[in-house]
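The following paragraphs lead through one protein model, from a single residue to the chain as a whole. Please keep the sequence and the coordinates at hand while reading.

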Amino acid sequence: MTELNYQELVDGYYDNLNNNLRNFKGGPGFLETWVHDEDHNRSLLEILDLAHSHGIDNLNIHLPSTVTSTLNLDWLRRNASEFGSLDLQGESLTFSNAKGVYGLDEFGGLSETYVDSLKRQSANLHFEGEAIGDEVYTARADGGSLSVGVDPEGLVQEAKHHGFRGPEQAMMDCFCSILTGRTLQEGAEHGAIRLEALLRDPLRPGKVKGLLTPETGDPIFALPTKLARQLWQSYVQAKGLAPKRNFWRDPVSVLWLGLASSEKMRRAQTALTEGCRALGLQVDVLVTEIKSETRLVLSYKQNPDKPDFGRHMIKLERWLREKMGIEVELQLESLEDRNRREERTKR
């Protein structure tokens, strides 16, 4: 039995980056060409691939708890099935070249970033069936259909899916919730982007370096993209339209609009402080103004003992959108505005 300590391999790998031009020198010889991936599932899969190609019959990998908590064993078993079988006991991942048969669920082949959300959606479907409305358009692919009922302005009154199974069924159900209440054009242009963001688990590290698109996040997102574009094209052709630039913006909640300015400021500040605390950021960030109902203007001075606030604003913005139920935008106060505000407070 070959024994490996995964954390020591990772530490050794990064140490080698500073001392060797090529190849990994810190582990057994079969890992000489191993390249660590920040996605631990893919990093471990490469170790198993190399072990298999070097004729290693049995391998035991000790994993730290920070890795086991992010491990997608179904995904790893499915992708390593041609090499052998896997078992996880506590913090010990055991590999054998004897191929086993596991009852992997149908979500096992998906990126672990989206599995949990899709499983939750699968257990609580709301949009199966055929859509109704002033006008109904239907698109079909992969044995299933997506239908929408739209009003004369192209606003989706109802969206339904039919014939999909497993992960696709859960994904299309979630996609229908995104399409409803928005225009067909918005669904075709940004629907899959909204869907990917909604399903993504922010606690799992993304495997995509650089710009993330739905299709690079997981190939499953190609399906809703294709269907939404078919629907939009059918609508354009039926209406004889020349598509124009999309200026869609989600409407702001009537309840929020009805609040007094002082109450909006109070609620925004409370939510911001709560969000900063939840993300481990400094909590002395101020909301100085609310523009266009949803744009929060912030002022802060970086606390050297806390993470860089500016680098975490996107995560905070997403947290606030979910908490407040509106499309919050965060904007930093200009230096000129800060000086004016501070000058007023001195008077």
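Ser43 is placed in helix 2, which covers residues 40–53; helices here are DSSP runs of H or I with at least four residues, strands are runs of E with at least two, and both are numbered from the N terminus. The model is a predicted one, in which local features need pLDDT of at least 70 and side-chain atom pairs count only at pLDDT 80 or more, whereas totals for chains, interfaces and linings use all residues. Residues are numbered from 1 along each chain as its sequence is written, and side-chain values use heavy atoms, with hydrogens and water left out.

With a relative accessibility of 0%, Ser43 counts as buried; the term buried means under 20% relative accessible area, exposed means over 50%, and partly exposed lies in between (1.4 Å probe, protein chains only). Leaving aside residues up to four places away in sequence, Ser43 touches Tyr6, Trp34, His36 and Asp37, where a contact means heavy atoms within 4.5 Å.

Rings of Phe, Tyr and Trp (its six-membered ring) pair if their centres lie within 6.5 Å; planes under 30 degrees apart count as stacked, over 60 as edge-to-face and the rest as tilted. Tyr13 and Trp34 form an edge-to-face pair, at 5.7 Å centre to centre and with 65 degrees between the planes. Because Tyr13 lies in helix 1 (residues 6–17) and Trp34 in the loop between helix 1 and helix 2, this pair ties together parts that are 21 residues apart in sequence. Tyr13 is buried at 13% relative accessibility, and Trp34 is buried at 1%.

In another pair, the rings of Tyr114 and Phe221 have centres 5.0 Å apart and planes at 80 degrees, and the pair is therefore edge-to-face. Tyr114 belongs to helix 5 (residues 112–122) and Phe221 to the loop between helix 8 (214–217) and helix 9 (222–239), so that the pair links distant parts of the chain, 107 residues apart. Tyr114 counts as buried, with 4% relative accessibility, as does Phe221 with 1%. Tyr137, Trp232 and Tyr235 form one aromatic cluster.

Trp232 also lies among the residues nearest the centre of the second largest pocket, together with Glu153, Gln185, Leu241 and Lys244; the lining has 13 residues. The space in this pocket is about 240 Å³. Its lining divides into 6 nonpolar, 4 polar and 3 charged residues.

Two residues stand out by their backbone angles. Most residues other than glycine have a negative phi. Asp142, however, has a positive phi near 55 degrees; its place is the loop between strand 5 (135–141) and strand 6 (144–150), and at 63% relative accessibility Asp142 is exposed. Ser292 likewise is not a glycine and has a positive phi of about 50 degrees. Ser292 is found in the loop between strand 8 (286–291) and strand 9 (295–299) and is partly exposed, with a relative accessible area of 48%.

For the chain as a whole, the secondary structure comes to 13 helices and 10 strands. The C-alpha atoms fill a box of roughly 70 × 65 × 35 Å along the principal axes. Of the 347 residues, 42% count as buried. Among the contacts with a separation of 6 or more, 59% come from residues 24 or more positions apart.

Key:
1 Å grid on protein atoms, 1.4 Å probe; cavity = no way out; pocket = protein on both sides within 12 Å on 5 of 7 lines; lining within 4 Å. Points joined across faces, edges and corners; volume = space filled by probe spheres on them. Nonpolar A, V, L, I, M, F, W, Y, C, P; charged D, E, K, R; others polar.
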